[in-house]
Amino acid sequence: MRLCRFACCFFCILFYAAFSVPATASEKPVDFATEVAPVLAKKCLGCHTENIAKGEIILSERDKVLDPGTELVIPGKALQSDLYLVATPEEKGEKPYMPEDGEPLTDQEAELLKRWIDEGAKWPEGLVLREASKTDTSWWAYQPLAKPERNSIDEYIDHRLQTEGLTRNPPAERRNLIRRATYDLTGLPPTPEEVDAFVKDPDPAAYEKLIDRLLASPHYGERWGRHWLDVVRFGESNGFERNFIINDLWPFRDYVIRSINEDKPFDQFIREHLAGDVFGKGNPDVAVGSAFLVAGPYDDVGNQDPVQKAQIRANTLDEIINATGEAFLGMTLGCARCHDHKFDPIKQADYYQLYATFSGVRHGSVPLATEKQTQERAAKLAPLSKKKAEIEAAQKKLRNSIIERGKSRLAEYEKNWTRPAVNRRGTEDRFDPVTAKFIRLTCDAQDSDPVAKSGFKIDEFEIWSAGESPRNVALSSNGAKASGEARKIEDFPGAYGPQHAIDGKTGERFIAAGRDLTIELAKPTAIDRVVFSSAKGEENPEHSKFGFVSEYRIEISEDGETWTEVANGRDRKPVDPANAKGRRSSGLTHLTYRLLQAEITDGEKQKQAELGKELASVNRQIAAVPALPSVWMGKRVAADAKGPFHIFVGGSPQKKGETVGPASLSTLSEVTPEYSLPVDADEAQRRLQLAEWITHPDNPLTPRVLANRLWHYHFGTGIVDTPNDFGYMGGKPTHPELLDFLAVKLRENGWRIKPLHRLIMLSETYRQSSVSRSDALKKDGASRLLWRFPPRRLSAEEIRDTVLAVSGKLDTEMGGAGFRLYRFMQDNVSTYEPLDEHGPETYRRAVYHQNARASVVDLMTDFDQPDCALSTPRRAETTTPLQALTMLNHQFTLDMATALAAKIGEGSPEEQASRIFIAAYQREPGVEERKQVASTIESHGIRAVCRAILNSSELIYLD
């Protein structure tokens, strides 16, 4: 569609001429690159680039703008050029037609545009315009880290508070402080003994010793590992339509916990995430880090349409690119997938350079073992594999000799194959009328593999009565019943049951788990014909989901005990191999299978059986050799990484633009050394180079983002309150100098985060009370400036762990495969049904729960445990009625109330009240509290009080 041509009468020409400032001989010609191009980039390219092209108008390329077939720009004639006419008002003071949104051209910009056209519209060859982003490389986040001007966290905080007329709170009480610090570093409540000892400790260094003890606790890695798993979108199902469970990703979770407990330098930790399998080959403890790449969701539906397949692959790599940018750089790289980033200085080419970097990564499980383990297993398997190959060769030789013998008599056999091969859309067998009550179809071979006897599908099985007015007596509406062993799925019993074969409908079908389908008629009936199908009315019957019988028998019975064969498929032509869509594991076609069955002698059968027995024995020995550990850390496919790689115009793999290769982001080119690799660079080298660039000492973004995450988890909100986005659309730092101070300290400490924890938690800012003050609330209601410590509610995991801990039921076993608080059921798609009862096997810390995407887990989901489909840099904190209902009534709470009551034991109501408060809150009850609780114990019993305590706000809120 062309841009509308606006009529331009003689009066209009005179009008524009009158209000235009004519160029004088002394004026320099307009320079397009420096004067006009920035105007077009700022005010026009938001709608008119190759990626968007509203109205099919492209203003970013010379040939499109100066196309003589249009009147967009007519060199030398501005008043006849559509671009100028729509960008300037018809009447002075009116709004021009373009741009539709945003600021119109200023008088000066309009004059420049007019002069440029009138001077011949000279556009330098090869210059392509790009829409200007809201920010450029001068954005604060992309600058080198500033040299610290102050010596402590408190100095930075106090300086900002003073400018706002605020002061910090006094120190928190020791009981609140140990609870705060213990939950902060371990996610668990302190024991009553630990609280009592800390409160009474006269040592001035008592708090420092507390922090050191907590940082040395193995529970520290569990708590802060959970934070990091949120960031890297760790989930143990693949999401999307099928959402199948992943049972071998937990080693990555254990690796994260172990690395954080060891205080592994975080730059090394990041490098392992991106390329641990490269430099850690043979060392599972390092290589497993690269499971990060495939820890997110991906679509495995297996679409065979080439266009959709390419789009799904692009979406998969986009997920990896996004996860990398958000986790390590605080950058929203996905916004540059379809066009240059509209807000941040990230070019579309930057995005596709990372696309090339990750192009060889595929999701899936791979063996992960030491070289010694691999060699030992190979040595055990070598003789067995050799023996197996010898037996299989002997089997093949015997089979081929029989088949060749049969081929010599093929013409003789073909004389008996008078009927067409079975047809998935409908196969008919006629026979002499016979009275039957029961009719049975037996599968002797599937059309996808002649050796397979089960797994065939039937959408309709018709049985027609004999006589002048035949009818389908197999219909359930006519009183018939169907039986047969069917494929079962837990979440939808009967989904593939035999009833579908006689319901008179297509679409749903019986999927056999055995060999037979039996129809019982309402009464004995004379019949003479059956018709059966698996793809009745289907346009694409060859699809594998319509697998059918190829060799079969039809039998009838009057009593269901004695059977008589009335028809079979032995006189049909074999199924054409080209129509047998599916995997033939046997290696036989239907023709060779028939010849084999027809020609084999008794002696050959005996020899075949002997070889089969030997092979089964060897296979059992092979199976007895333990498999190497398998981990969901992705496969590396060299063919995918070959290239060439292109920018996808508009994000579509079908619209390939200019070529790109693996390279660093131009965004940080002014502060961090760039790299660019040839397109044929090794896949491993690409990821390793990216990892080195992200953790380069001159890269200011990575340490800033990490330091901000630590601050966020300690205070509830980061200095930048959007931890995954340090760009234009993200939050602005409340204390930018403090953020750089922390980032510098992180690097000075060799990227180890425990010293940074210590620095933060030993500050007076962290140790102050959370008491609210009305004057301060008016100025800073969210406590972003930290005039007080922000109180918080426990996370979902902390709540569950706390309930278990105070009840004396927490199992502190670390590592290994996770537990499930749902019942998992899988067919083509997966179902996750929340458990009503949580047994002792689930009493481990919540970090070890096998979190599946799109699954609901009672209590955990209610208290805002995020779905792990995306990175979660900060968690929501909602208050809903469902939280109270679940905590009060779920069987888990009732069980824990019973356990807590048993832990409290016998005694007077006053003694029991005291023990309950100490167990739950690590404090004695007040006088009134003791009296009220004792009274409730007397009237309702200890278990009811324990249930109420587990539902109290004090249990799940921290000051």
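Biologist: In which loop is the place of P644?

Modeller: This is a predicted model, so what follows describes computed geometry. The peptide bond from G643 to P644 is cis, with omega near 5°. As for its place in the chain, P644 is in the loop between β12 (635-636) and β13 (645-648).

Biologist: D263 has a positive phi although it is not a glycine; is D263 buried or exposed?

Modeller: The phi of D263 is about 55°, and the residue sits in the loop between α11 (250-261) and α12 (266-279). Its relative accessible area is 9%, and because the cut-off for buried is under 20%, D263 counts as buried.

Biologist: Where does W751 lie, and what is its relative accessibility?

Modeller: W751 also carries a positive phi, of about 65°, although it is not a glycine. The residue lies in the loop between α22 and α23 (754-761). W751 counts as buried, and its relative accessibility is 7%.

Biologist: How are α6 and α22 oriented to each other, roughly parallel or roughly antiparallel?

Modeller: Helix α6 (residues 153-163) and helix α22 (residues 736-748) pack with their axes 9 Å apart, at an angle of about 175°. Since angles over 145 degrees count as roughly antiparallel, the relation of α6 to α22 is therefore roughly antiparallel.

Biologist: Which residues of α22 meet α6, and how many residues of the contact are charged?

Modeller: From α6, the residues I153, Y156 and I157 take part, and they meet E737, L738, F741 and L742 in α22. The residues of this contact divide into 6 nonpolar and no polar, and the number charged is 1.

Biologist: Which residues touch the most other members of the largest nonpolar core?

Modeller: The largest nonpolar core has 128 residues. W711 is in contact with I153, I157, L738 and L742, among others, when its neighbours within four places in sequence are left aside. The residues that touch the most other members of this core are F252, W711 and L742.

Biologist: How many residues are in the other core, which lies apart from the largest one?

Modeller: Among the members of this other core are L859, L900, A920 and V933.

Biologist: Against which helix do the buried residues of α2 pack?

Modeller: Helix α2 covers residues 32-43, and its buried residues are F32, V36, A37, V39, L40, A41 and K43. The helix against which these buried residues pack is α5 (107-118).

Biologist: How many disulfides does the structure hold?

Modeller: A disulfide is a covalent bond between the sulfur atoms of two cysteines. The number of disulfides in the structure is 0.

Biologist: For the protein as a whole, what percentage of its contacts between residues at least 6 apart in sequence join residues at least 24 apart?

Modeller: The secondary structure comes to 32 helices and 18 strands, and the C-alpha trace spans about 105 × 100 × 60 Å along its principal axes. Buried residues make up 51% of the 959 residues. Among contacts between residues at least 6 apart in sequence, the share that joins residues at least 24 apart is 74%.

How values were computed:
Residues are numbered from 1 along each chain as its sequence is written. This is a predicted model: local features need pLDDT of at least 70, side-chain atom pairs count only at pLDDT 80 or more; totals for chains, interfaces and linings use all residues. Side-chain values use heavy atoms; hydrogens and water are left out. A disulfide is a pair of cysteine sulfur atoms within 2.5 Å. Buried means under 20% relative accessible area, exposed over 50%, partly exposed in between (1.4 Å probe, protein chains only). Helices (H or I, at least four residues) and strands (E, at least two) are DSSP runs, numbered from the N terminus. Contact means heavy atoms within 4.5 Å. Axes are lines fitted to C-alpha atoms, for helices over the stretch in contact, and angles run from 0 to 180 degrees between N-to-C directions. Angles under 35 degrees count as roughly parallel, over 145 as roughly antiparallel, 65 to 115 as roughly perpendicular and the rest as oblique. Ala, Val, Leu, Ile, Met, Phe, Trp, Tyr, Cys and Pro count as nonpolar, Asp, Glu, Lys and Arg as charged, and the others, Gly among them, as polar. A nonpolar core is a set of buried Ala, Val, Leu, Ile, Met, Phe, Trp, Tyr and Cys residues joined through side-chain atoms within 4.5 Å.
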